[in-house]
Amino acid sequence: AQAGMITRTLILHRSAATPLASLRGASRGAGSAPTRAPPGRVVAGKRSRRPKAEKRGSDVAIPSSEATPSTPPPAPASSKTLPEEGDAPRGTSSAPPKGPPTDDPLPAVTRDQVLDSCLGTTAWMLGIAIILREATFFGRDVLPDAIGDWTATLPLVAALHPPFEPVDLASHAAVAVAAAATVTGSRSALLESWPDFSAATDRSNRQVLAPLTVGDLVTVSALPAVAEEALFRGCVVPALGGGPVGVIVSGMVFGALHVGGGRNVAFAAWASAVGCLYGACA
């Protein structure tokens, strides 16, 4: 027991002595260590050297205390990008602005093509009209009374055997001239005030009338007009009873056939109104 107490005493003495010795050694080392002046200050008449910009054996750069102040970092780029050339500004639509109707030219045609189309259209329309009208005239004693004589509806087309006296034919001719004058005057007014109708008329006329001569203009104006009147006003109107229903239906069909060839809905509406006017005069 006495030996154990002696051993414990030695251990405690050694552990307690260790910090003291350490403190003594640290104080001695502190006393013997040379003092270093901060960089850039004068010590005992001598100016200390500047620290090197780069540490030897290391890639880490040590900035100098007297280095020029660094430039401020560039301002972050704005998230808004400028529109490129050709791009529409933000907030505006890229669709083209609405304006007058475009005047796209139609393919060019030759004189022979125009005349062939005119003669072909005139032939089939006038052929159907003459057959139907003459059938009702010569078959008026055989056909039901509800059909009647279609030649009486448009006597100018039945010139081979006029059912009316010459005075009556003159009166019908006067009505036809008055209707044509009304159509011509209203058409001129609409060309100035209705852009869609004006554009469609110009496109169609440039394609059809450009290759024609003066004599050709008379041909393409007269022949289709006679054929159209014989078929629509001379057959369709009396076939539907000759009243308002026949006038309106024949006018609508007449206008629908005028869509195409550069003519749009506006031109078809105009043709329908003209067809109704001619049907009422018939």
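This briefing describes salt bridges, a helix pair and a surface patch in one structure. The model is predicted. It holds two salt bridges. Helices H3 and H4 pack against each other at an angle of about 110 degrees, and a nonpolar patch with about 410 Å² of accessible area lies on the surface.

**Salt bridges**

- Side chains of opposite charge can pair when their charged atoms come close.
- Arg 111 forms a salt bridge with Asp 216, and the closest N and O atoms are 2.5 Å apart.
- This pair links distant parts of the chain, since Arg 111 belongs to helix H2 (residues 111-138) and Asp 216 to helix H5, 105 residues apart.
- Arg 111 has 37% relative accessibility and therefore counts as partly exposed, whereas Asp 216, at 7%, counts as buried.
- A salt bridge also joins the side chains of Arg 233 and Glu 229, at 2.6 Å from N to O.
- Arg 233 and Glu 229 are separated by about one helical turn because they stand four residues apart in helix H5.
- Both Arg 233 and Glu 229 are buried.

**Packing of helices H3 and H4**

- Two packed helices are described by the angle between their axes and the distance between the axes.
- The axes of helix H3 (residues 166-193) and helix H4 (residues 195-209) are 6 Å apart.
- H3 and H4 are therefore roughly perpendicular to each other, as angles of 65 to 115 degrees count as such.
- Arg 187, Leu 190, Leu 191 and Ser 193 of H3 meet Pro 195, Phe 197, Ser 198, Thr 201 and Asn 205 of H4.

**Nonpolar surface patch**

- The patch is formed by Leu 240, Val 245, Val 249, Val 253 and Leu 257.
- Leu 240 lies in the loop between helix H5 (214-239) and helix H6 (244-256).
- With 41% relative accessibility, Leu 240 counts as partly exposed.

Conventions: Residues are numbered from 1 along each chain as its sequence is written. This is a predicted model: local features need pLDDT of at least 70, side-chain atom pairs count only at pLDDT 80 or more; totals for chains, interfaces and linings use all residues. Side-chain values use heavy atoms; hydrogens and water are left out. Patches are made of residues with over 30% relative accessible area and no salt bridge: like charges are joined within 9 Å, nonpolar side chains (Val, Leu, Ile, Met, Phe, Trp, Tyr) within 5 Å. Accessible areas come from the Shrake-Rupley method with a 1.4 Å probe; for residues, only the protein chains shown count as cover. A salt bridge is a side-chain nitrogen of Lys or Arg within 4 Å of a carboxyl oxygen of Asp or Glu. Helices (H or I, at least four residues) and strands (E, at least two) are DSSP runs, numbered from the N terminus. Buried means under 20% relative accessible area, exposed over 50%, partly exposed in between (1.4 Å probe, protein chains only). Axes are lines fitted to C-alpha atoms, for helices over the stretch in contact, and angles run from 0 to 180 degrees between N-to-C directions. Angles under 35 degrees count as roughly parallel, over 145 as roughly antiparallel, 65 to 115 as roughly perpendicular and the rest as oblique. Contact means heavy atoms within 4.5 Å.
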